Amino acid sequence: MPVIFGCTLILIMLIRYKSKKHDRQSGMRIDEFLQRELEANTTRKKDISGLPYLIADISRLPDLAGCPDPDGEIAAARKALARLDGTKLLNLSGISNTDLKLTYGAANFPVLSECDSHYTAYTRGLQRLGSLLFDAGDNERAALALEYAVELKTDIRATYRLLGAIYEKQGRSDAAAALRVREDELSEQLRGELLGVNDIL
């Protein structure tokens, strides 16, 4: 009985120690975050003209003339993309809002956030259009939409997989294999580009 009591007491003390340690570490993390956020919100505006912007270009979308579209979903997907024609796009996924403000200044955050939102909407729209065309049996036009998304360095993995499946159906195994490699390298390339620009600034 005394052994069980002693073990229980040690276990309780150990749990309390771990709990207090965790609370201290959590408190330190929150303090560090608040300090970084304060610094980020007071960072001066920097030049963002050299960032790797892209421009949404409706002329790159496949022509839908003669495309079967009984529910009008394909036309609606293309129309949604057309609304973004000419807008600046910038993929900032994987970079926190705090890091954005620290690097480029708090005053630039709304502009950068808008470009990132446009990029996300545009690449998701291309994925949707490609997927709808594929489901309609129009692999050629589906590939055009998806290839455009890949050119924009989309980080939507479903785009690469669907395009790879189309390539396989077309007997283009080499193109499908190259696409898989490109998908694997995507995250590293994007981070490298943004870090390179950060170094310049």
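The accessible surface of the protein chain comes to about 12400 Å², and carbon and sulfur atoms account for 57% of that area. The model is a predicted one, and of the 201 residues in its protein chain, 35% are buried. The secondary structure consists of seven helices and two strands, which follow one another from the N terminus in the order α-β-α-β-α-α-α-α-α.

The mean pLDDT of the protein chain is 83, with 76% of the residues reaching 70 or more. Confidence is lowest in helix 1, residues 2-41, where the mean is 64, and highest in strand 2, residues 88-89, where the value is 97. Over residues 195-201 the pLDDT falls below 50, and this stretch has eight contacts in the model beyond near neighbours in sequence. Where pLDDT is low, the predicted coordinates should not be read in detail.

The buried residues of helix 3 are Thr 98, Leu 100, Lys 101, Leu 102, Thr 103 and Tyr 104. Just after helix 3 comes Gly 105, which takes a positive phi of about 95°.

The next step is the pairing of two helices. Two packed helices are described by the angle between their axes and the distance between the axes. Here the axes of helix 4, residues 109-135, and helix 6, residues 157-169, come within 10 Å and cross at roughly 35°, and the crossing of helix 4 and helix 6 is left-handed. On the side of helix 4, the residues that take part are Gln 127, Gly 130, Ser 131 and Phe 134, and they meet Ala 158, Thr 159, Leu 162, Ile 166 and Lys 169 in helix 6. Sorted by class, this contact of helix 4 with helix 6 has four nonpolar residues, four polar residues and one charged residue.

Helix 4 also holds Leu 132, and this residue counts as buried because its relative accessible area is 13%, which is under the 20% cut-off. Setting aside residues up to four places away in sequence, Leu 132 touches Glu 73, Ile 74 and Ala 77. The C-alpha atoms of Leu 132 and Ala 75 are separated by 10.0 Å, although the two residues are 57 residues apart along the chain.

Pro 62 gives a second example, this time from a loop, the one between strand 1 (54-55) and helix 2 (73-82). Pro 62 counts as buried because its relative accessibility is 3%. Apart from its neighbours within four places in sequence, Pro 62 is in contact with Arg 78, Leu 129, Leu 133, Arg 141, Leu 144 and Ala 145. Between the C-alpha atoms of Pro 62 and Gly 130, which are 68 residues apart along the chain, the separation is 9.6 Å.

The last stop is Lys 153, in the loop between helix 5 (139-151) and helix 6. Most residues other than glycine have a negative phi, whereas phi of Lys 153 is near 60°, a positive value in a residue other than glycine. With a relative accessible area of 31%, Lys 153 is partly exposed.

Conventions: Residues numbered from 1 in each chain as written. Predicted model: local features only at pLDDT ≥ 70, side-chain atom pairs only at ≥ 80, totals over all residues. Heavy atoms only, no water. Axes fitted to C-alpha atoms, helices over the stretch in contact; angles between N-to-C directions. Helix = DSSP H or I, 4+ residues; strand = E, 2+ residues; numbered from the N terminus. Left-handed = near helix turned anticlockwise from the far one by under 90°. Contact = heavy atoms within 4.5 Å. Nonpolar A, V, L, I, M, F, W, Y, C, P; charged D, E, K, R; others polar. Buried < 20%, exposed > 50% of the residue type's maximum accessible area, 1.4 Å probe, protein only. Areas by Shrake-Rupley, 256 points an atom, 1.4 Å probe, with all protein chains shown as cover. pLDDT = per-residue confidence, 0-100.
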